[in-house]
Amino acid sequence: LMLDRDDRFFRKLVRDNVSGQLKVAPEHCADGVLDAMGKPHFDVYEAFRKKYFALSKEIGKEQYLVPYLMSSHPGSTLDDAIELALYLKKNKINPEQVQDFYPTPGTASTVMFYTGLDPFTLKEVYVPRTAEEKRMQRALLQWRRPEMHRDVVAALNKGLKDKLNTIENPSTWPFIVFEDARAMMKSVVREKIEKFGSAGRI
């Protein structure tokens, strides 16, 4: 759709075929994960999103995008999940549903899951396998929910600790800056306190 120089189909889609919300499947924002999925890089989705809202405004309709997201797909590291969580935070997206990857027969993703190899290149692919990491990756995508607080904090602490062990200057970490991590953690804790009650200063 984004390669079509004639945008008449896009305009018709926005004008006549969207009843307020359009469900789309970017699935992730990290290019490495999208490569493993066989999907175009995230800048394609961003271009689609901007044009969709621009056309909606031009036509005079208030319409929304509902992104379909997936956690723990082969190729998705904890850093990638944190990157996606920060994208959701920055764009004020609060997904109600998140699909955790589950291997199904006959797909390249399932081959990666069981072998740890990309079947097209035979290069190694990181696969989140433990229940702990899969739980943390899913929680990061729904970090606003109070019940996700423990796993979100654990994921951020692990991500920050691992990254601090490999870089000299933490400010160069491209996926997360400390102020964002601190703000995210405080927001989650605050929501939990408001819902369940607690004492002490955040």
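**A tour of pockets, strands and loops**

Start with helix 4: with three residues, helix 4 gives the largest share of the lining of the largest cavity. (Helices, H or I with at least four residues, and strands, E with at least two, are DSSP runs numbered from the N terminus.) What you have open is a predicted model, where local features need pLDDT of at least 70 and side-chain atom pairs pLDDT 80 or more, while totals for chains, interfaces and linings use all residues. Residues are numbered from 1 along each chain as its sequence is written, and side-chain values use heavy atoms, leaving out hydrogens and water.

**Stop 1: the largest cavity**

Select Pro 26, Phe 42, Tyr 45, Pro 67, Leu 69, Leu 84, Tyr 87, Leu 88 and Ile 93, which line this cavity. (On a 1 Å grid over the protein atoms alone, a cavity is where a 1.4 Å probe fits but cannot get out; lining residues have an atom within 4 Å of a point.) How much space lies in the largest cavity? About 40 Å³. (A volume is the space filled by probe spheres on grid points joined across faces, edges and corners.)

Now colour by element: helix 3, strand 2 and helix 4 (78-90) each supply at least two of the lining residues. By class, the lining of the largest cavity has nine nonpolar residues, no polar and no charged. (Asp, Glu, Lys and Arg are charged; Ala, Val, Leu, Ile, Met, Phe, Trp, Tyr, Cys and Pro nonpolar; the others, Gly among them, polar.)

**Stop 2**

A search of the whole structure turns up two cavities of 30 Å³ or more.

**Stop 3: the largest pocket**

Next, select Leu 65, Val 66, Pro 67, Ile 93 and Pro 95: among the 21 lining residues of the largest pocket, these lie nearest its centre. (A pocket is an open set of points with protein on both sides within 12 Å along at least five of seven lines.) The space in the largest pocket comes to about 510 Å³.

Which elements each supply at least two residues of this lining? Strand 1 (21-27), helix 3 (42-59) and strand 2 (64-71) do. Strand 2 gives the most, with six residues. Sorted by class, the lining of the largest pocket has 12 nonpolar, five polar and four charged residues.

**Stop 4**

Show the strands as a cartoon and you'll find an open sheet of three, in the order 1-2-3, with parallel pairing. (Strands pair if DSSP finds at least two bridges between them.) Strand 1 and strand 3 (99-100) stand at the edges with a single partner strand each, so one side of each has no neighbour in the sheet. Two bridges join strand 2 to strand 3. Zoom in on Ser 71, which stands opposite Asp 100 in strand 3.

**Stop 4: two loop residues**

Step along to Ser 72, in the loop between strand 2 and helix 4. Its phi is near 65°, positive in a residue other than glycine. Is Ser 72 buried or exposed? Ser 72 counts as buried, at 1% relative accessibility. (Buried means under 20% relative accessible area, exposed over 50%, partly exposed in between, with a 1.4 Å probe and protein chains only.)

Finish at Leu 122, in the loop between helix 5 (108-115) and helix 6. Leu 122 also has a positive phi, near 65°, and is not a glycine. At 61% relative accessibility, though, Leu 122 counts as exposed.
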